[in-house]
Amino acid sequence: MTGQRASLIAIVVILGGLVGVSALNSSSPGDFGITLLSGLFQGMLLFLVASGLSIVFGLMDVLNLAQGSYFMVGAYVAYDAQHAGGLIDLTAVIPDPNLRFIIAVIAAVLAGALLGYLLERGLLRPLYSRPIFQLVLTFGVSLVALELVKFIWTTTPYSWTELFGVRESFFELFGQRFSTYRLFVVGMGGVLIVTIALLLQRSRIGIIIRAGVEDREMVQALGINVRAVFTLVFTLGCAIAAFGGAIAAPFLGASTTLGNAFLLQSIAVVVLGGMGSYSGTAVGSVLVGLAIAVAQDVAIGTDFAALPSITPMLLLVLVLLLRPSGLFGNSR
Amino acid sequence: MKTMQAPNQPTWRHWLRGNAFLFILLIGLILFPFIVGALTDSSPFGVPRGDRMIMRGESVRWQSVLIEVYILAILAMSYNLLFGFTGVISFGHALFFGVAGYVLGLMLEFTAIETGWALLLGALAGIAICGVLGLVVGLVTLRLKGVYFAIFTLAVAEMAFIFFGRWQLTRAEDGFAITELPLWLDPSQNRLNFYYVTLIAVVITFLFIRRLVNSPTGAVFKAIRENEDRAQSMGFNTLNYKLLSLTIAGMLAGAAGLLQVILNKKVGPELLGVSYTVDPLLMTIIGGIGTFSGPIIGAGGLHFLDVFLRDAELNLGGLVIDIANIWALLLGIIFILTVIVFPFGIIGTWQRWRARRKPPA
């Protein structure tokens, strides 16, 4: 109980500190709002990668170092489906860009799910008796994914050019223009956080997953096919990461650096929140997202241009030094 | 492996017999530049022009290929000490490789110390800093579960990559060239000398690791790999042993980084890139995890494959692909296949096959 209270205090302090620094650093409420919104935007994207990472680690003891690659693949598939040219050209079939964006996101999710299923069934399953090799293998898969993407789409980054509904509209607050799309992504992330939480808390499969995180052998002994649950959870985790990539693409574009960046950031999230803890992942995502946004703000006009990219790693190092089990993790 | 020692045989002769294959290989490698030179009718010293040497000809070209193999072999052996013998997996080995390279480069180019001393100081400082770095990284994470160490090294190496990639003093992404090197070591003037320097470094590393792993300390390393809890309950402070292994591995990787900087006469963030983590990992696994010669075989095999395939083309029914473009992809696929179907690597599989053929008497 005291541990939980300490975690809550820590969260409030970090959150307050971040918001405080941001408020001091920004000259107007509008600037402050922008920092806050971009932090939440980044945080929600991180959550989409980190949730799969965390649940899969808690349930299967596999740290999937290829999780960031699914995000990247999602971004590329969505970009490719939306725009003319490329592998799949839908511009002639579906002229409406809004509808095509929905199709593009669905295509990305399906691609992520398929690749996730193949990875778990084909490559990870033979290795459950050799856990250290699973880590090595997912690292290898992330390299292959990166090289495949380079091979198919070349190394030149794509920036999203086709505007549609939510992507092009803005709203004004405190005399500052905010992109509606960011708010849209934050909303989507919030909906997903709640949906997954409900799924874990209320549904039968969610109960099995939570029981599996607690004690895998016991669940198996109760006559539940844990392997099938593994496959399902792994596939879903990859699909969510690809979904994240797809909805991030209109803002961040598609580039080969996405995978590694989001992998490291979401690892920071998972360690900060506590490995295998769902609520920890949700809180950690928001904290890391805000921290990156604040760092971006602080770095403007100084020599620390690398600060935003180093921030998640600094957080990771700090957490490992001070409290390796994370905010919500069991101390083991 | 272990044969009974005949009582009246001098030890050195016995030692020579036990290592006959390695000894012949070593002599072959010592003579290699001259053999290639004689076969292709080119001088192993390069072509003299005025008072300078031009590094041209087959012998000189193959020397540099082998130098690269030696450097990768040292890196892979250091990785193997950590991963193969102690069971600690790192995803940031490039950190040590690159940091040592940067230290040497800074010492040579950015200080007023005389070249020879700068080289010596830079090399010593680079290796020492790598040792300290290994110690610090280990102290932070080696108490935790193995996966935290892997994550932490990945993050620290990435952080260093980003940092050096943006550091204005060392010209950020472009890096800087090494212009001051003692003439006798300069690979663009006396490559043969540098060839022997790297060869000696490989031999020393090999003998050192073999001595270390066969010592009582090495026995504890292997016990940690097999079952850390058990080693702990037998009274060994496993943290100290893991720290020792990591520190030594870091210093060896740093030494490889120094040699790489001298060979390319350039320092840049690519030294910290992920490929210098992937390469030793892959070479160790393909050659044979936890074997002495595995990493060397892996380094040689993969690098020669790279050199031979670099100019080749793959013809897939009209679609012509340069191997050079998909080399990293091929490596990744080989990597995954090896992990799944060939986990003991070349040497490991061979040793198992031999052990099965010759049942112990």
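Two residues count as touching here when their C-beta atoms, placed from the backbone, lie within 7 Å. Keep in mind that this is a predicted model.

**Exercise 1.** Find out which residues B:Lys242 touches, leaving out those up to four places away in sequence.

*Solution.* Now go through its contacts, and you get B:Thr86, B:Val88, B:Gly138, B:Leu142 and B:Ile224. Pick B:Leu142 from that list. B:Leu142 is 100 residues from B:Lys242 in sequence, yet their C-alpha atoms are 7.3 Å apart.

**Exercise 2.** Decide whether B:Lys242 is buried or exposed.

*Solution.* The cut-off for buried is 20 or more other C-beta atoms within 10 Å. B:Lys242 has 24 such neighbours, so it counts as buried.

**Exercise 3.** Check the radius of gyration of chain B against that of a compact globule.

*Solution.* For 361 residues, the globule value is near 21 Å. Chain B comes out at 21 Å, so the two agree. Next, look at the contacts with a separation of 6 or more: 71% of them in chain B join residues 24 or more positions apart.

**Exercise 4.** Work out which element of chain B gives the most residues to the side that touches chain A.

*Solution.* First, the head count: chain B and chain A each put 29 residues into the contact. On the chain B side, the elements giving two or more residues are α5, α6, α11 and α13. The top giver is α6(B), with 12 residues. Finally, sort that side by class: 24 nonpolar, three polar and two charged residues.

Notes. Residues are numbered from 1 along each chain as its sequence is written. Chains are lettered from A and ligands numbered from 1 in the order in which they are written. This is a predicted model: local features need pLDDT of at least 70, side-chain atom pairs count only at pLDDT 80 or more; totals for chains, interfaces and linings use all residues. The radius of gyration is taken over C-alpha atoms; the globule rule is 2.2 Å times the number of residues to the power 0.38. A residue is buried if 20 or more other C-beta atoms lie within 10 Å of its own, exposed if 12 or fewer, and partly exposed in between; C-beta atoms are placed from the backbone. Helices (H or I, at least four residues) and strands (E, at least two) are DSSP runs, numbered from the N terminus. Ala, Val, Leu, Ile, Met, Phe, Trp, Tyr, Cys and Pro count as nonpolar, Asp, Glu, Lys and Arg as charged, and the others, Gly among them, as polar.
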